[in-house]
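Subject: Structure for your review

Dear colleague,

I am handing over the structure below, followed by notes on what was found in it. Please read the notes alongside the coordinates.

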Amino acid sequence: MCGIIAYTGGQQAVPVLMNGLRRLEYRGYDSAGISVSSRKKLRTWKSAGKINVLDSQLPESIKAQCGIGHTRWATHGAPTDENAHPHTDTEESVTVVHNGIIENVDALKDKLTVEYKSETDSEVLAHLLSQTIKEKKCSLIDAMREVLSRVVGTYGIAAISAEEPEKIVLARSGSPVIIGIGEGEMLAASDMSALSRYTREVVHLDDGEVAQITPDGFEVTLLDASPTDKSSMTLVSNIEDYDRGGYEHYLYREIVDQPDTVRRTISGRLDKRFNTARLGGLNMEARDLLQIQRVKILGCGSALYAGMAGANMIESLSRIPCDAEPAAEFRYRNPVIEASTLYIVVSQSGETFDTLAATREIQRKGGFVLGIVNSVGSTIAREVDGGVYMHAGPEVSVASTKAFTSMLSVFSLLAILLGRSRDVSPQRGAQLLLALEQAPDKIADVLALETHIADIAKEYANSHSAFFIGRTSAYPVALEGAQKLKEISYIHAEAYPASELKHGPLALVCAETPCVVVLPESELLDKSMGALEEIKARGAPVIAVTDSSNKRIDKLADHVIRTPLADELVQGMVMGVALQIYAYHSAVALGRDVDQPRNLAKSVTVE
Ligand code: F6R
């Protein structure tokens, strides 16, 4: 998705902007650009392609201490030099970078008689700002408020004007903008990753806010110019959290970091005195927990799969009916919202548009929403009624890994809490806490299987298609395994519940389709083995991922990835790591762009 960076202060702006753009790269983009302001003049460079292309076009030395930059993910108009941001008005007196979509762009354009240089919806903003400044003889921030009162759509905006050389005007509606506070300098970005090198002191803009930054401070107002009393918060993440840690890929670092990230997620949350979980941010008393009649979990992509796994955990331990649904489907089907249902939204970024929209729809109808979010201070984190942070640290690679296991960790905690408020005994509670406490070590044991898993992945890397099979609690793990493989290796991969195989997919199972079968030790193991037989009978290579020592698995499977035996509460997160390693090595064997897979973006902030 598109990214914004802005800087005003004592340093040269161009290196700061270029560094910010590089930090935003992971979100996915197809063109990039910067504008700087100095001596009442704006200069802009932009180009399609990677940031290095832009870099090669910049003059040796550009003296300017204020500017804005952008990475663009094409929506309106192809990824060309002209469509890249920043966009300027005809006289180049104003430049604008914009994330989001302007829905009434045609109506806005009709009111202007200018020649457009791009096919984007964003360019109209530059012309409207410049026209308003001229006609009303007003400042950029006044013009911004006036223009935005006519705009329908979503936006995160940064703009500069030649007439106000040190000022950057920002605005937000539906697309994140964060102000970063430095000493004698101020920054802004759509994503914390671009600010982390300079500051940890931030202000998150809310929808409907328009702000202005200068080297000495910030001012946040509403669209009607009334003031706000926004204050800053300090984030705990460090610049190193955004590095590859010496590895070739962020994804690899994020996979191998999981013993630590899961440890962080559960840290301080295991209440051994009462053998339950301690989740301070829920904003729910024990009595409220007893009123819950149903739990509904919402998320997108891997967060949805984590939610499906979480639903199994919650229902099985608490006996409260629980299910997970894609956030977008939910919000569009005019759902019935019940006061006795606990709604849980799950999101790594905390900015996923559909998950946010589902949150708002539930709240509008009077429902109570809990958030399981990784990104501190993100929109979803700020808007939910209660929540649990994952504390997994920034996830940079587009494909989610450590956030997935941290989501499962939070669901385990919630399942223990809800279970202990009902039928789970203190003794079973103690076992569950122990299982969770031991999960990081078990994940470390899975990481030690890397060479074995990599060998298998390489053997099947040239397959066109793969199947992932799992039953009940193993099904979401299979879904996430298939998701990882298709995302980063581009091998077509589908997941099915074991019971569904003979209802269709078996038609495609053959010697060319490796089948990864997730077989946790459980009372259903024998039943799942049936699927293994069915696959084998069609001549397909079988890769069994199991923590069972059952000898039949070794006989039937071509390869066995044996993960450490774990309590069923944490089996999914332990086995899931084996599937991440499998996907990673498949992608590496095929020479894919592991961290930035084609067509995908980190943090999908549009519908
Ligand atoms: C998969 C992946 C996506 C995200 C989905 C939700 O590897 O990264 O499927 O899980 O876009 O994102 P968040 O969790 O930020 O809401």
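**The ligand shell**

Helices α9 (301-318) and α16 (474-489) each supply at least two residues of the shell around the ligand; helices here are DSSP runs of H or I with at least four residues, strands are runs of E with at least two, and both are numbered from the N terminus. This is a predicted model, in which local features need pLDDT of at least 70 and side-chain atom pairs count only at pLDDT 80 or more, whereas totals for chains, interfaces and linings use all residues. Residues are numbered from 1 along each chain as its sequence is written, and side-chain values use heavy atoms, with hydrogens and water left out.

Of the 15 residues around the ligand, those that come nearest are S347, Q348, S349, T352 and E487, where a residue is near a molecule or strand if one of its heavy atoms lies within 4 Å of it. The shell divides into five nonpolar, eight polar and two charged residues; Ala, Val, Leu, Ile, Met, Phe, Trp, Tyr, Cys and Pro count as nonpolar, Asp, Glu, Lys and Arg as charged, and the others, Gly among them, as polar.

Taken alone, the ligand exposes 410 Å², of which the protein buries 89%, with accessible areas from the Shrake-Rupley method and a 1.4 Å probe.

**The parallel sheet**

Five strands form an open sheet with parallel pairing, in the order β23-β22-β24-β25-β26; two strands pair if DSSP finds at least two bridges between them. Because β23 (492-497) and β26 (559-562) stand at the edges with a single partner strand each, one side of each is left without a neighbour in the sheet. Neighbouring strands of this sheet are turned against each other by 20 degrees on average, direction ignored; axes are lines fitted to C-alpha atoms, for helices over the stretch in contact, and angles run from 0 to 180 degrees between N-to-C directions.

Strand β25 (residues 542-546) pairs with β26 in the parallel sense over four bridges, and T546 stands opposite R562 in β26. Helix α15 (residues 450-460) lies across β25 and β26 and runs at about 145 degrees to β26.

**The antiparallel sheet**

Eight strands form an open sheet with antiparallel pairing, in the order β3-β2-β4-β1-β10-β9-β11-β14. Its edge strands, β3 (41-48) and β14 (233-234), each pair on one side only. Helix α1 (residues 13-24) packs on the sheet, touching β1 (3-9), β2 (31-38), β4 (66-72) and β10 (185-189), where contact means heavy atoms within 4.5 Å; the direction of α1 makes about 155 degrees with that of β1.

**Two backbone points to check**

Most residues other than glycine have a negative phi, and most peptide bonds are trans. The peptide bond from H85 to P86 is cis, with omega near 5 degrees, and P86 has its place in the loop between β4 and β5 (87-88). K40, in the loop between β2 and β3, has a positive phi near 55 degrees.

Best regards
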